[in-house]
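Student: I'd like to learn how to read a few features of a protein model. Could we go through one together?

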Amino acid sequence: HDLRTGNTVRHVYGNGWLSGEAVFVPRHDAATEDDGWLLSYVHDLHGGPSRVVILNAGDLDGEPQAVIDLPARVPLGFHGNWIPDGG
């Protein structure tokens, strides 16, 4: 949701799929809030395995940059932490 314009853009993962909390990965250290990628676990509400979906943060309603099918279900509410290498 853009607080300045009032516009809301969303990505539809498909019927029966629900995204968990997305993690933003900036393209570089000086990146703006939409210059990078959003990674999230996406859950099959019918009980199948989960996916990791990577979206371009500047094109949320566009096609995913990548979809990684996982071999198992990741429970709703699972949180990922992304920590930079080398502290």
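Student: Which residues make the nonpolar surface patch of about 270 Å²?

Tutor: This is a predicted model, so local features need pLDDT of at least 70 and side-chain atom pairs pLDDT 80 or more, while totals for chains, interfaces and linings use all residues. Residues are numbered from 1 along each chain as its sequence is written, and side-chain values use heavy atoms, without hydrogens and water. Patches join residues with over 30% relative accessible area and no salt bridge: nonpolar side chains within 5 Å, like charges within 9 Å. Here Leu18, Leu45 and Leu76 make the patch.

Student: How does Leu45 count at 48% relative accessibility?

Tutor: Buried means under 20% relative accessible area, exposed over 50%, and partly exposed in between (1.4 Å probe, protein chains only). Leu45 counts as partly exposed because its value is 48%. You'll find Leu45 in the loop between β3 (36-44) and β4 (51-56).

Student: And where is Asp44, and what does its side chain reach?

Tutor: Asp44 lies in strand β3. A polar contact is a pair of N or O atoms within 3.5 Å, one able to donate a hydrogen and the other to accept it. The side chain of Asp44 reaches the backbone nitrogen of Gly48 at 3.3 Å. Asp44 is buried but has no salt bridge, with Arg73, the nearest side chain of opposite charge, 5.7 Å away. A salt bridge needs a Lys or Arg side-chain nitrogen within 4 Å of an Asp or Glu carboxyl oxygen.

Student: Is His11 buried or exposed?

Tutor: His11 is buried, because its relative accessible area is 18%. Its side chain has a polar atom 2.9 Å from the backbone oxygen of Leu60.

Terms used:
Areas by Shrake-Rupley, 256 points an atom, 1.4 Å probe, with all protein chains shown as cover. Helix = DSSP H or I, 4+ residues; strand = E, 2+ residues; numbered from the N terminus. Lys, Arg positive; Asp, Glu negative; His and termini not counted.
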